[in-house]
Amino acid sequence: MAANVRATFLRITLGAELTRLREQAGLTGDQAARLVGCAPSAISRVESGTSGFQRIEQFAKLLGEYKVSRQDAAVLTDWYKNAKREDWWAPIGSVLPSGLSTFLAFESGARRVHVWTPMVVNGLFQTEEYAEALIEGARIADDRTSEFVESAVKVRMNRKKRITDEGMELVCIMDQSVLTNMVGGPDVMRAQYDEIKRLAGLSNVTLRFIPAKAPAYRVLSGEFQILDFDRKELPGPVVASTTVAGETRVLSKERPVRQFIRRFDVLAQGALPVHETPAFIDQVAREVLKEHE
C-alpha cells in the first residue's frame, strides 16, 4: 500500500479485509472472539475500523485462525502497526465539520475521484487566499470561530497534495458559476483563475466546465464526490456529499453509489470537452475582471 495512505483509512481497509477473511473461514464474530480470547465487541470494533486489539498477539492469533499465509500476514501486520499512527488532521479534528474526518480518511486512500462542484471553486483547486476569503465570509452565518477558519484553510491546502504530490487521479466537473461568483475581490480571483489552469494542466487531472448558457442537467443540491480505490484494498467506490450546513456524508451502499455515478455521467454529457477548458477559463476571467476594473 502507498506510503501516503493515512492511518484511519488503513483501519477501515484492514477491517474490511478481516471481515472478508472471517466470512471466508466460515466463522461468526462471536466464534472468532472465542478463538482469540477477546470480547465479541473487540472483533466488531476491529472490523469496523474503530480501533485495534489491546495486544498485537491477539491480532496474530486471529490471522492464524483465518489460515492467512505468511506473506499476507506480514502485509496485514504492517497495516495494523501503521494504523496506530496519528493522521495529520487528528489535532484539529474537534473543530472540523461533522463527517469530514471520515471523508479525509477515505480520500487519503482513493486512487481515483470524480467530483461535481457548483457555485464555488472545488476545494482541491482553491488558493489559500480564496479558501480563507470563502470560509471567513461564511463564518458569521455558520457561527464558526476564527480557529475553525484557520483549521479549514489548512485542511484544504493539505488536501491539494493528493493531486500535486501523490498522483491521485481527479476528474472534476464544475459549473460556470464557480468562475463568476466573486470571492475575496479581483486580485484573489485573478490568482485563483491561474491556479485552476495550473492544476488542470497536471497529467492526473481532468477538468471540464458546464457553461451557464448550456441547457444541461445540473445537480443543485451541492457538491458530491465518487471515490474509487484499489480493488485489492477496498471493495467498491464510496460517495461523499456535502449538505447545506457543511456536513459531509459518506455513503457506501451500492444503490445510492450507483445513483451518484449516473448523475456524474449525465453531468459529463453537458460539459465542454476538456481541451476547451483553458480557453473557457480565460474568456470568463476576462469578462469578470473587466467588470471590476
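In this predicted model, helix 11 and helix 13 meet through a set of side-by-side residues: Pro186, Arg190, Tyr193, Ile196 and Lys197 belong to helix 11, and their partners in helix 13 are Pro278, Ile281, Asp282, Ala285, Val288 and Leu289. Sorted by class, this contact holds 8 nonpolar and 3 charged residues, with no polar ones.

Two packed helices are described by the angle between their axes and by the distance between those axes. Here the axes of helix 11, which covers residues 186-200, and helix 13, which covers residues 277-290, come within 10 Å and cross at roughly 175°. Because angles over 145 degrees count as roughly antiparallel, helix 11 is roughly antiparallel to helix 13.

Tyr193 and Ile196, which take part in this contact, are also among the residues with the most contacts inside the largest nonpolar core, a group of 42 residues, as are Phe125, Leu170, Leu179, Phe209 and Leu227. Helix 13 supplies the largest share of this core, namely 6 residues. Leu179, when neighbours within four places in sequence are left aside, is in contact with Met189, Tyr193, Ile196, Phe209, Phe280, Ile281, Val284 and Val288.

Apart from this core lies another, of 23 residues, which includes Leu14, Ala32, Val36 and Ala73. Val36 sits in helix 2, residues 29-36, and is buried, because its relative accessible area is 7% and buried means under 20%. If residues up to four places away in sequence are not counted, Val36 touches Gln58, Lys61 and Leu62. The C-alpha atom of Val36 is separated by 46 Å from that of Thr145, which stands 109 residues apart from Val36 along the chain.

Methods. Residues are numbered from 1 along each chain as its sequence is written. This is a predicted model: local features need pLDDT of at least 70, side-chain atom pairs count only at pLDDT 80 or more; totals for chains, interfaces and linings use all residues. Side-chain values use heavy atoms; hydrogens and water are left out. Axes are lines fitted to C-alpha atoms, for helices over the stretch in contact, and angles run from 0 to 180 degrees between N-to-C directions. Helices (H or I, at least four residues) and strands (E, at least two) are DSSP runs, numbered from the N terminus. Angles under 35 degrees count as roughly parallel, over 145 as roughly antiparallel, 65 to 115 as roughly perpendicular and the rest as oblique. Contact means heavy atoms within 4.5 Å. Ala, Val, Leu, Ile, Met, Phe, Trp, Tyr, Cys and Pro count as nonpolar, Asp, Glu, Lys and Arg as charged, and the others, Gly among them, as polar. A nonpolar core is a set of buried Ala, Val, Leu, Ile, Met, Phe, Trp, Tyr and Cys residues joined through side-chain atoms within 4.5 Å. Buried means under 20% relative accessible area, exposed over 50%, partly exposed in between (1.4 Å probe, protein chains only).
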